[in-house]
Amino acid sequence: MSVAPVAAPTAAPTPLVVERGEPRRPFTLGSLPLHLVLILLTVIWVVPTLGLLVSSFRPGFLTARTGWWTAFAPPFQFTLQNYRDVLDSYNLLGSFINSLTIAIPATVIPIAIAAFAAYAFAWMKFPARNILFLALIGLLAVPLQVTLIPVLSMFKNFGLNGSFLGIWLAHTGYGLPFSIYLLRNFFGALPNDLFESAAIDGAGPLTMFFRLVLPLSVPALASLAIFQFLWTWNDLLVALVYLGGDPAVAPMTVTIANLVNSLGQGYELLTAAAFLSMALPLVVFLALQRYFVRGMTAGAVKG
Amino acid sequence: MDIVRITFLLGAVIGVPAVLVAYIVGADRLIRLLPARLQPAFRPWVWVGPALILVGLFLVYPVVATLWISVLSTDGHQFVGLGNYATVLGDNSVLIAIRNNIYWLVLYTGLVLVFGLILAVLADRVPYEGPVKSLIFMPMAISFVAAGVIWKFMYSYQPAIATQTGTLNAVVTSVFRQQPIAWLIDHRTNNLALIIAAAWIWTGFAMVITSAALKGIPGELLEAARVDGATETQVFFRMIIPLLAPTLTVIGTTLVIFALKAFDIVYVMTNGNYDTDVMARRMYGELFNYGFRVGRASAIAVLLLIAVIPVLIFNLRRFQFQESIR
Amino acid sequence: MIGSRLGRLFSVAVLLGLLAACGPGTGSSTSGGKHLHVIATWAGDEQASFKAMVKPWEDRTGNKVDYEASRDLNALLTTRVQAGTPPDLAGLPGPGQMAEFAKAGKLVNLDGVVDMTAMNDQYGQNWVKLGTVGGHLVGIFIKTSIKGLIYYDPKTISSTGVDFTTPPKTYDELSADVNKIQQKTGKTPWCIGVESGAASGWPGTDWIKDFFLRQAGPAKYEQWGAGQEPWNSPEMKTAWQSFGAVVNSSKLTYGGKNYVLSTNFATAFDPMFQSTPGCYLHHQASFITSFFTHDFPNLKPVDDFTFFGFPDINPQYSGAQVVAGDLFGMFKDSPEARDLIKYLTTAQAQQIWVKRGGAVSPNKKVDLSAYPDPLSKQSAQLLLAANPPEFDAGDLQTNAMQTAFFAGVVSYISNPGSLDSILNDLEKKRNGG
């Protein structure tokens, strides 16, 4: 995934989390306008999703002719039919499983590979280390469209098109720059003395990696994992191009994109389908948002 | 459920990392056979090897290959030099796509940064900051496809004589007493409509990072200024903003890259019609709707790459700066 | 460093990893028959009908059809074929695109798969020819439809002072009737909607085809289909302008261009059936009836909706009709795929969809009584009697040309003043620009 690095705001990597421990600021602005504006903005942010959620429980002929907000006035005609239809006829359950099949390995594999590489970049000296790392930073900016055609041909030659293995490798390749960058920042921030004392005790790099660095890096690894998982779960383009829409392998994003294009009638089904596709990421996000947020702020937290 | 598929999945999730570890451990055993002096020379390469190979295969080689394909003919068999670029840049619809990408660059980045900042600053001063952050950040968890669906409903259009089904048009007709607007079709609004949908998702990202940076500003600094008689506005513009500048820059570069790569929202909501096309979507079209014109598609991709180079250089410089004070 | 118990777990993990490396790619067939991957544009009710059509075959052979829907069929097929992962069977966007695939060797010849004598006997030369490229049959029709029908609600039309029980014979008569409706009711007579995802614009192209056929005649129409008629010829421009006179008039078309462009073809007719009608006439193909009943389940054919054919313009060309069909081709050869495609051509299979409504079969062996209502029977009779039946000219062209045609119509509706530049651009594309 080619996202620019989001390093901690101050120049040196800050090791401490900055969410708590600061004194609560006084309500120096006139409180009421502040609250009003903030609450209004928040409501505005929530309304679109709410509209979709409500629509997904309304029958089609109502959705086509009246706005979703009218659902709150009698007669209340809520229904589960949309969800039933969409699960029965549109292979949504299958797509869900496909999405999992894509996202989980596409998360685990890049992190594993990145962890080893990041450690080497952080704590091993070798020629061209800085140049290689710079190159990785540069690659963060490359739009993945630039890689589509050659990778497509490469896959075709190896019969990887339409296969899960192909898309795992692709997501790994695309996700490595960001993962290495993030982990390398984190590993690099670990104190030197840790490694020195371990070296004195006779530990080699392998031991240091598995016994020292990994356990301390759990928050960073967790943030990265969530980030990568959400990214691959929500991806459309990579799946569309390398995997295709064969119902046997299509993830939810592809299935729903197809539905958007083909359903003229049946917008009510689209609402249910979209919501089902959001269910898992929302759960992951809500349960683990702490880690996600930390990850975004350079994930530099001491355990 | 497929037994085969599950085994396969387990194989990938557990097996691949296991193979990787085995590779590292195994290689280490071999390296230990070397004299101690030479070990540090070989070991790093074992560790970064897999990463370098994959990055090379999926990022480096394809970029070079795309550069090469872009100077070949449409079917990929003859050398045509800059011919594809000439065709592409001479095509009015591509110029429109470029213009739209510039809209995205400016408006999308601007909207997200501004709203992210405002929300971060406001939320910082209320006790219910947590839930607010979560609610605004939540759209980040959903796919652009789902967001496209959500906003298609928001922008729904019915003629003035009918009841409105879209949220925005309902507000426009009842609160503002205006004619409903066909947001996605009307050239005056459609690009902005798409940009707003994308901004809705990413403002949470900007907000969260800005918020963390905001909390990193020592309270005493601002207090001292207030005690010295500075107004809130002055504190905001003369102290907070400059202190946040590095963070805002980082966020900004991420957004700029995204604006150049925007695909999903446009593909799902308008498919590039009504003059809303963007380069990334157009490239997809060249490949898959207009007959697999690899030469032209690659030319568009290279143009995208060129547009990104300033950001690339900026990132590199910033990284080097950070390293030098490490 | 790593205890021996861990070490053993480890080895298992490594084995799993190696398994993964040579594991299966896509979800392959499980026990119980082969899975055939089929792609077509049908969704919703049409998809259900197709599934019903293949069910007897699935039950008989124990194989399964994995159906994938996409309105962006052109793009999808191109991708898959290029990527080396084509479906087993797929709908073909039209005879034009079918010919391109066939010439590139991507379609399997069906001469040896279906019984050619039976085909010629049951379908007649016209339809078999449409599926033939270079002397070999490569496409078969799942269903067909007759285009250029004008639907109206007999109950609401009476209040407009117009009587369609004897339909207008010429387009001028129709125009006069349309104006009468507009003056009497003050409402817009026509409902039109051209949105359709990546294929947006196609309903507008149907209007233009009807005009062109009746104004310029079958010979020129066929030239157009073969890609030999200049897009900026005066006759072509006249056809577009005739359409423009309807769609660009806010007095004649419901909701003006905003409605036309943003409303999907599958719901565009809704105002016609509402308790206070917003419009009275809808121009569409015969398959639209199943869409009527989806949005308004209580509608009954004949009582609540009926049609008359697009009237003549030039009396010389009277009797010509635009027809269309859903072609199917085989991309990956296998005994199961052959069996399926053979099954799909039989009268029994065709009859299943016919019975469910929204489909007309060109297979002469399909009993006319299988049509669920007098209206669809009437469409079938019209189709079988068309003289000559002219296949949808847009579908006859290449995918790239047709995409441009659709987009051109969208541009024209957006910006009526730009007709000349739109037609010139289309002409450039026709010449390989």
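In the predicted model, A:Ala117 touches residues of both chain A and chain B: beyond its neighbours up to four places away in sequence, its partners are A:Ile180, B:Trp47, B:Val48 and B:Ala51. A:Ala117 also belongs to the largest nonpolar core, which comprises 327 residues.

Of the 303 residues in chain A, 57% are buried. When contacts in chain A between residues at least 6 apart in sequence are considered, 80% of them connect residues at least 24 apart.

The contact between chains A and B draws on 94 residues from chain A and 95 residues from chain B. On the side of chain A that touches chain B, at least two residues each are supplied by α1 (31–56), α4 (92–123), α5 (129–139), α6 (145–158), α7 (164–189), α9 (205–216), α12 (252–262) and α13 (267–296) of chain A. The greatest contribution to this side comes from α1(A), with 14 residues. By residue class, the side of chain A that touches chain B consists of 68 nonpolar, 21 polar and 5 charged residues.

Apart from neighbours within four places in sequence, B:Pro17 is in contact with A:Val108, A:Ile109 and A:Ala112. B:Pro17 is classed as partly exposed because 19 other C-beta atoms lie within 10 Å, whereas 20 or more would be required for a buried residue. Between B:Pro17 and B:Pro180, which lie 163 residues apart along the chain, the C-alpha separation is 56 Å.

In chain C, an open sheet is formed by 3 strands in the order β8-β7-β9, with antiparallel pairing. Strands β8 (281–284) and β9 (306–309) of chain C are the edge strands, each pairing on one side only. From one strand to the next, the twist averages 30°. Strand β7 (residues 149–152) of chain C is joined to β9(C) by 4 bridges, and the two strands run antiparallel. Within this part of the sheet, C:Tyr152 has C:Thr306 of β9(C) as its bridge partner.

How values were computed
Residues are numbered from 1 along each chain as its sequence is written. Chains are lettered from A and ligands numbered from 1 in the order in which they are written. This is a predicted model: local features need pLDDT of at least 70, side-chain atom pairs count only at pLDDT 80 or more; totals for chains, interfaces and linings use all residues. A nonpolar core is a set of buried Ala, Val, Leu, Ile, Met, Phe, Trp, Tyr and Cys residues joined through C-beta atoms within 7 Å. A residue is buried if 20 or more other C-beta atoms lie within 10 Å of its own, exposed if 12 or fewer, and partly exposed in between; C-beta atoms are placed from the backbone. Two residues are in contact if their C-beta atoms, placed from the backbone, lie within 7 Å. Ala, Val, Leu, Ile, Met, Phe, Trp, Tyr, Cys and Pro count as nonpolar, Asp, Glu, Lys and Arg as charged, and the others, Gly among them, as polar. Two strands pair if DSSP finds at least two bridges between them. Axes are lines fitted to C-alpha atoms, for helices over the stretch in contact, and angles run from 0 to 180 degrees between N-to-C directions.
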